[in-house]
Amino acid sequence: LKKIFKNADITDAQGGAQALELIKTHVFDLVLMDMVMPDVDGLQATQTLRQTYPEPLCDLPVLGLTASTNPADRARCLDAGMNDVMSKPLDERQMVVQISKILNQHRKDLA
C-alpha cells in the first residue's frame, strides 16, 4: 500500500476489535477490512460499524479483502455492509481502481 499510495497515512490494526477502536479515535478515508481476522472478523466488524457507530463514522467506506473466490463469501461481505470486495492476492492496478471508485462514490454521497 505504501508503494502504491506514497502520500497516504496508513494505519494497521491487529484485528477487528482494534480496527473498531481506531475508527473511534482517528479520521480515516477508507478501511481495508480482511474477512478473516483474530478476535472479531471483518464481517462482524463491518456490521458493528454500520449498525452501532454514529454518523458519519457508520458511513466510512469499507473495502473487503478475502482469499476466497467463492461468490457466497463475496455476498456475505456485501451483506455485512462492505462497499465492495477484492480477492487476494491483490492486483495493484485493480486495487487502485477499486479504492478510487469507492472514494469517489463516497465523496458524491457526501455532496
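Contact here means heavy atoms within 4.5 Å. Helices (H or I, at least four residues) and strands (E, at least two) are DSSP runs, numbered from the N terminus.

This is a predicted model, in which local features need pLDDT of at least 70, side-chain atom pairs count only at pLDDT 80 or more, and totals for chains, interfaces and linings use all residues. Residues are numbered from 1 along each chain as its sequence is written, and side-chain values use heavy atoms, with hydrogens and water left out.

**Confidence**

The predictor's confidence in each residue, pLDDT, runs from 0 to 100. The chain has an average pLDDT of 94, and 100% of the residues score at least 70. Confidence is highest in helix 2 (residues 42–52), with a mean of 97, and lowest in helix 4 (residues 92–110), with a mean of 93.

**Helix packing**

Two packed helices are described by the angle between their axes and the distance between the axes. Axes are lines fitted to C-alpha atoms, for helices over the stretch in contact, and angles run from 0 to 180 degrees between N-to-C directions.

| Helix pair | Angle | Axis distance |
|---|---|---|
| Helix 1 (residues 16–25) and helix 2 | roughly 25 degrees | within 9 Å |
| Helix 2 and helix 3 (residues 71–80) | about 25 degrees | 8 Å |

Angles under 35 degrees count as roughly parallel, over 145 as roughly antiparallel, 65 to 115 as roughly perpendicular and the rest as oblique. Helix 1 and helix 2 are therefore roughly parallel to each other, and helix 2 and helix 3 are likewise roughly parallel.

From helix 1, G16, L20 and I23 meet A45, T48 and L49 of helix 2.

Buried means under 20% relative accessible area, exposed over 50%, and partly exposed in between (1.4 Å probe, protein chains only).

V31 lies in strand 1 (residues 31–34) and is buried, at a relative accessible area of 10%. Not counting residues up to four places away in sequence, V31 touches I23, L60, P61, V62 and L63. P61 is 30 residues from V31 in sequence, with 6.2 Å between their C-alpha atoms.

D84 belongs to strand 3 (residues 84–87) and counts as buried at 9% relative accessibility. With residues up to four places away in sequence not counted, D84 touches V62, L63, G64, R74, L78, Q98, K101 and I102. The side chains of D84 and R74 are joined by a polar contact of 3.0 Å (a pair of N or O atoms within 3.5 Å; within protein, one must be able to donate a hydrogen and the other to accept it, and residues adjacent in sequence count only if both atoms are side-chain atoms).
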